[in-house]
Amino acid sequence: MKRVAKWLSLSVLALGLIGCSNGNDDTGNQSISIALWDEKASDAIDGAIASFKEKHPGVEVTVTYSPFSQYWTTLRTSIGGGAGPDLFWMNAVNFYQYAQPGLIQNLEPFIEGDADFEKSDYYESMIDLYSYDDNLYGAPYFVDAVGLYYNKDIFDQAGVDYPDESWTWEDIERVGAELTNKEEGIYGYLAPIVHNQSGYYNYIHQAGGAIVSEDQTQSGFRSDAAVEAFQFVERLIDQGISPDIKSQIQNDNNQLFMSNQLAMMPAISVMAVMYREELGDKVDVAPLPSYKEDTAILHGISWAMNRGAEHPELAWELMKELTGETGNTIIAETGFSTPAARTAADLWLESLPDMNLQVFIDAQETGSPYPLSRNTMEWQRMETTEIQGAFLSGEPMEDVLERVGLEMERMLNQGLDE
């Protein structure tokens, strides 16, 4: 079955080290296809495939890297047509759309009796994120927690102490004002509006709220916590501490930070390597400042298996290489992101020893889960449009949040009584 031929994007034959066969491998002339969107992970991918091919030298493995903007459309179309890759990256926004209708395999039957895979080896946040009806449908790969990156040179020039775990929203406003230099085009802080995971999702949780209720029927946007979160953002923009919505839409916020125009910005752990490569030892990271709660949004990527995988047992063996010791070790050593396996944490910390990556490990203890529901993508699209529109138009934020919350709840509850 040539599913890879229907997977319309760049395919790369993964070259692995060919080890000696144990004489019992009868998997010749078989193939497995995998897909993801970030070529920065290629070292970890290729290393895991090399390890897999030492045990299964006759199996061909093909890798497809697709732009994120095309990835989900292509994936859903191919799987819906009975094709698609055997293994592929999964994120939280899309998880329910694949797990609920059974488009991806329940991994529990593979896990049972397999001593090489223990759910307890992975961060609980990732196991929870990719479980449906208490069954694991996504093998944890790496974790995205949010931290406060800062430019040490800008702090030094202003004679201001670096941020630490004691900081609160008040410190962001106070120190952000001190670091803002309009003449030099420097903002003290970026309050993200165009990125909810690194921005206002955190503020709502820090104000004691949530994005969606545990039973996935109520919106957290219709709450005092949401109002406080957006009042915080509005104050930072009104004082000129943070770029406004137009600037955030027109500019790449990462480029603003790497071009020394932002003293501080919240961002996920995956950005650490890129920031370090661009800014050198000028960049470091601290915990997100707290408010009523000390927390940060937790997300991460898992590997899912196509329900139509032609060789599911082989696909499971490759999935274990990707998410097991081999894959996690390479993710850790390259610094790509926080490995999902607890045992690889120290290796990851050593990958960028001059940066306080421990922030992202500690966040696993105090973090808040990325919001999940059966239709997250639908209400997030509406949420983004409404909230960015409010900042552009100047419409009272409380009115917008009420409208967002009501529409979100309509979407969450649609069809539940049928």
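Residues are numbered from 1 along each chain as its sequence is written, and side-chain values use heavy atoms, with hydrogens and water left out. In this predicted model, local features need pLDDT of at least 70 and side-chain atom pairs count only at pLDDT 80 or more, while totals for chains, interfaces and linings use all residues.

Strand β9 covers residues 283-286. Helices (H or I, at least four residues) and strands (E, at least two) are DSSP runs, numbered from the N terminus. In a regular strand the side chains alternate between the two faces of the sheet. Both faces of β9 are covered. V283 and V285 are buried on one side, D284 and A286 on the other. Buried means under 20% relative accessible area, exposed over 50%, and partly exposed in between (1.4 Å probe, protein chains only). β9 runs antiparallel to β7, and four bridges join the two. Strands pair if DSSP finds at least two bridges between them. N151 stands opposite V283.

D284 is buried but has no salt bridge. A salt bridge is a side-chain nitrogen of Lys or Arg within 4 Å of a carboxyl oxygen of Asp or Glu. The nearest side chain of opposite charge, K152, is 4.8 Å away. Lys and Arg count as positive, Asp and Glu as negative; His and the chain ends are not counted. The side chain of D284 reaches the backbone nitrogen of N356 at 2.9 Å. Leaving aside neighbours within four places in sequence, D284 is in contact (heavy atoms within 4.5 Å) with residues including L148, Y150, K152 and N356.

Helix α17 spans residues 376-393. At 1.5 Å a residue, its 18 residues should span 26 Å; the end C-alpha atoms are 25 Å apart, which agrees. The expected span is 1.5 Å times one less than the number of residues. Buried residues of α17 include W379, M382, I387 and F391. What covers the buried residues includes α3, α8, α9, α10 and α18. G394 follows α17 and has a positive phi, near 85°.

Helix α1 covers residues 42-55. Its 14 residues should span 20 Å, and its end C-alpha atoms are 20 Å apart, which agrees. Among its buried residues are I45, I49, F52 and K53. The buried residues of α1 pack against β2, β3, β7, β10, α13 and α14.

Y132 lies in strand β5. Y132 counts as buried because its relative accessibility is 15%. Leaving aside neighbours within four places in sequence, Y132 is in contact with F95, Y96, A99, Q100 and Y137.

Technical notes
A polar contact is a pair of N or O atoms within 3.5 Å; within protein, one must be able to donate a hydrogen and the other to accept it, and residues adjacent in sequence count only if both atoms are side-chain atoms.
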